Amino acid sequence: MEEVFEGVRAAFAYNTTTRVSNAVGLSAAITATIEAVDWQEPWLLYVLAVHVSLWISLILSRANPKALAVLGASIVTAVHSHTLLNTFAQKNWKSFSRRNYFDPDCVLIRIIWTTPLLITAFSVLVYALVDVTIQARNRPPKPYRPRPVPFPRKGA
């Protein structure tokens, strides 16, 4: 497993050639990670279930701005906690996994936890902006009221 992480780190490393070779290196790193992981592990299926439930929550609460705010804050907190999650999993991987996938650089956690959460958070943001735009468009314009002209003070 360590050689897969080394390959992923090398693919993410700075490349002085063209952007195309960086994209090829990134796709090779993702392919290598997908092939190296045993996707039948129960904890990975639970992570998938969390992502699916977040998307269902997003779809069901898209018309409620308060629910979107709570969902967005929860997702940002979950993204921020990925290093703590990786550290905990690195210490206790034998209790829930057959292999140690948790390296110090958090490569797998970033791929299976953080990336889908960031996509979901972006979708929350889009839904919130669309809702604000629709509310602003449907709001009737304020009637025009001229400002009162101040009268000059006596003795001035």
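A salt bridge is a side-chain nitrogen of Lys or Arg within 4 Å of a carboxyl oxygen of Asp or Glu. The questions below concern a predicted model.

Q: How many salt bridges does the count come to by this rule?
A: Side chains of opposite charge can pair when their charged atoms come close. In this predicted model, R98 and D38 form such a pair. By the rule above, the count comes to one salt bridge.

Q: How far apart are the closest N and O atoms of R98 and D38?
A: A salt bridge requires the nitrogen and the carboxyl oxygen to lie within 4 Å. R98 forms a salt bridge with D38, and the distance between their closest N and O atoms is 2.8 Å.

Q: How many residues apart in sequence are the parts that the pair R98 and D38 ties together?
A: R98 forms a salt bridge with D38. R98 lies in the loop between α5 (82–92) and α6 (107–138), whereas D38 lies in the loop between α2 (19–36) and α3 (42–60). The pair therefore ties together parts whose separation in sequence is 60 residues.

Q: Is R98 buried or exposed?
A: A residue is exposed when its relative accessible area is over 50%. The relative accessibility of R98 is 54%.

Q: Is S97 buried or exposed?
A: S97 is found in the loop between α5 and α6. Buried means under 20% relative accessible area. S97 has a relative accessibility of 9%, so this residue counts as buried.

Q: On which side or sides of α5 do H82, N86 and A89 lie?
A: H82, N86 and A89 are the buried residues of α5. They cover an arc of only 70 degrees around the axis, which means that they lie on the same side of α5.

Q: Against which helices do the buried residues of α5 pack?
A: The face of α5 turned away from its buried side carries the exposed residues L84, F88 and K91. The buried residues of α5 pack against α4 (65–80) and α6.

Q: What is the area of the nonpolar surface patch that includes F122?
A: F122 lies in helix α6 and is exposed, with a relative accessible area of 55%. Together with L125, V126, L129, V130 and I134, F122 makes a nonpolar surface patch of about 540 Å².

Terms used
Residues are numbered from 1 along each chain as its sequence is written. This is a predicted model: local features need pLDDT of at least 70, side-chain atom pairs count only at pLDDT 80 or more; totals for chains, interfaces and linings use all residues. Side-chain values use heavy atoms; hydrogens and water are left out. Helices (H or I, at least four residues) and strands (E, at least two) are DSSP runs, numbered from the N terminus. Buried means under 20% relative accessible area, exposed over 50%, partly exposed in between (1.4 Å probe, protein chains only). Patches are made of residues with over 30% relative accessible area and no salt bridge: like charges are joined within 9 Å, nonpolar side chains (Val, Leu, Ile, Met, Phe, Trp, Tyr) within 5 Å. Accessible areas come from the Shrake-Rupley method with a 1.4 Å probe; for residues, only the protein chains shown count as cover. The arc is that of the directions from the helix axis to the C-beta atoms. Contact means heavy atoms within 4.5 Å.
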